[in-house]
Structures are given as structure tokens and as C-alpha cells.
Amino acid sequence: MYIVFNTSKVAFEQVGQGPHLVLLHGFCEDSTMWADFVPLLSKKYSILTIDLSGFGQSDLLPVSSIAAMADAVNAVLEHLSIRQCILVGHSMGGYVGLSFAERYRQKLLGLGLFHSHPYADSPEKIVNRQKTIRFIERHGIAPFAGQFVRNLFAPAFVKEHPVFIDELIHKTSMHHSDAVIAASHAMINREDKSTVLTTMDCPVLFIVGKQDNAISLENSLKQLSLAPTGSVHIFEDIGHMGMFEAPTYTLEIIVDFMDFCHECNAPISLLSSQH
Ligand code: MLT
């Protein structure tokens, strides 16, 4: 399904019933990355997956910013009359989640940062993104996709799952150059959102992979003390793709987080009657 927001098509899918969980994909991904999670999570929750600007079935938004992506997420929620949700964002999806938290705080019951963080790009990261943009402008996505995808995973996973990695490289190479370039600019221009975390009045989930090459371990760890109420999970052996590298554990973590957020929001009388 889709809505039209700011003249662009924003594609989404809603499955299941119960408390609302929004899952946002990261850079060079689309909502199908959650395909293995949705059937399991939707037994208990209403799962909303959204294709961010230019990825999957969504058009590129007229404005290339993380805030515009957060506004598009809000437009889908409005369309579906969803007043409150828990939002889990993978990497760039987490940047969108933080921007959503800043703009629509009262709508969030919990925020999951799945291999993500609140900091702005370092000067070095900006230079690397600019190189990527120039490379894609000249050569397209296909020659970029192989190294990009392999780099997202811990080396042992790449070695043990060659077919899966090749399929993901193929899928990645199908994204539109315009979307990848626009998302790169959006990430370059995003501002530090640390204060969003420090002033968060709902629980925050952090999933960290110690072998993550896309997000520095320094940033992943530095953020952990920022949120007043946090649930922290650090994996020794995974990289940037916990939903594929450790699917059972990360799914369980999301389920526990959903339950925790709802307990935090339950009226006192309901909480005490459960003991
Ligand atoms: C992502 O997976 O969304 C990106 O690695 C995020 C980033 O490059 O900062």
C-alpha cells in the first residue's frame, strides 16, 4: 500500500494486530529486510514497515533530509490513525527514529536503535560519503554494492553464507542511484541528536555489534549512558546486520523491549494487578 506525501509515494505494509511496532530499514536497504521478522512479530503486534525515501517501492521525497523521512513516517501513521507506537530503526532508520522522536515525541512509546547512534558525521565520515557519492555518480550502484554489503557483516558470517551475501549484493545493486545519493546527502547534513536521547521520556533499546564497520564502536558505546531508561545488548561476534547475523537473539530482544515499553506505559493499577 502507499500514501502520497509531499507529491511522493510512500510505500508501507501493516501486518498483524496489537500494539504498534514500526520497523525502519537502513541505508541501501528496504522494508523487505524485515521479511523474516514480520511473520513472527505480527503474531502479537501490529507491524508497520515503511520504505524510506527512494528505496523499495517509495518515491524519492522532494527534500533529501532525515527530518523529511521522519515526516513521511508520521504521515503514514496519521493515515493509519496510529496515535502511538514503538519504533525500531536500523542504522539510518535509527537516525530517522531519533528525528521522529524530536518532532513527534508524544507519539513514541519506545525507540530502538538497532546498530545506530545519535551523533552527527565526523569530518572523516563526510569525506568518505562524498567519495561514495562521486563514485556512484560515475559508475552507478552495481560496482559499489559488493564491497558495501560484505563490509556490513562480520567476516566469519560472510565466509559461511556466500549465497545469502551474493543475493543481498544483487538486491543492493538494484537500488536507484538517486536514492542512494540523496540518502548520503541526508546523512551528511544531519545534526547531532544526543539531547534527544538525554531527554527521552520513553525507553530506548540499543543493539550493538562489536564487529560493526559502519558505525564506530566508540560511538556505539558512548551513547549508551545517554538515555534515562535504556536496554543495552552488545554482541561480540556480529557486525552491522544483527537481524541476519543473530536473528533469534535480536528478535527476542525486540519482543522483550515491546513488552517492557508497554509495562512502562501501563497504568499503575494494571501493573500492580499483575503481581
Ligand atoms: C546504514 O546502514 O544505514 C548506514 O551504514 C548508516 C551510516 O552510514 O551512517
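# A tour of the ligand site, pockets and cavities

By class, the ligand's shell holds five nonpolar, three polar and two charged residues. Here Ala, Val, Leu, Ile, Met, Phe, Trp, Tyr, Cys and Pro count as nonpolar, Asp, Glu, Lys and Arg as charged, and the others, Gly among them, as polar. The model is a predicted one, in which local features need pLDDT of at least 70, side-chain atom pairs count only at pLDDT 80 or more, and totals for chains, interfaces and linings use all residues. Numbering runs from 1 along each chain as its sequence is written, and side-chain values use heavy atoms, with hydrogens and water left out.

**Stop 1: the ligand**

Select the ligand, then display the residues around it: Gly26, Phe27, Ser91, Met92, Tyr95, Lys125, Arg129, Met187, Ala214 and His240. Two helices, α3 (92-103) and α4 (123-139), each supply at least two residues of the shell. Helices (H or I, at least four residues) and strands (E, at least two) are DSSP runs, numbered from the N terminus.

Next, examine the polar contacts, that is, pairs of N or O atoms within 3.5 Å; within protein, one must be able to donate a hydrogen and the other to accept it, and residues adjacent in sequence count only if both atoms are side-chain atoms. Select Phe27, where a backbone N or O atom lies 2.8 Å from an oxygen atom of the ligand. In Ser91, a side-chain N or O atom is 3.0 Å from a ligand oxygen atom. In Arg129, the corresponding side-chain distance to an oxygen atom of the ligand is 2.8 Å. Taken alone, the ligand exposes 260 Å², of which the protein buries 95%; areas come from the Shrake-Rupley method with a 1.4 Å probe, and for residues only the protein chains shown count as cover.

**Stop 2: the largest pocket**

The ligand sits in the largest pocket, meaning that more than half of its atoms lie within 2 Å of the pocket's grid points. On a 1 Å grid over the protein atoms alone, a pocket is an open set with protein on both sides within 12 Å along at least five of seven lines, a cavity is a set of points where a 1.4 Å probe fits but cannot get out, and lining residues have an atom within 4 Å of a point.

The volume of this pocket is about 980 Å³; grid points are joined across faces, edges and corners, and a volume is the space filled by probe spheres set on the points. Of its 32 lining residues, select Lys125, Asn128, Asn151, Asn213 and Ala214, which lie nearest the centre. The elements giving two or more residues to this lining are α4, α5 (142-152) and α8 (177-189). The most come from α4, with seven residues. The lining divides into 11 nonpolar, 14 polar and seven charged residues.

**Stop 3: the second largest pocket**

The largest share of the lining, five residues, comes from α7. The lining comprises 16 nonpolar, three polar and five charged residues.

**Stop 4: the largest cavity**

The count comes to three cavities of 30 Å³ or more. About 40 Å³ of space lies in the largest cavity. To view its lining, select residues including Lys9, Val10, Asp51, Met69 and Val73. Here α2 (66-79) gives the most to the lining, with three residues.

Note on methods:
A residue is near a molecule or strand if one of its heavy atoms lies within 4 Å of it.
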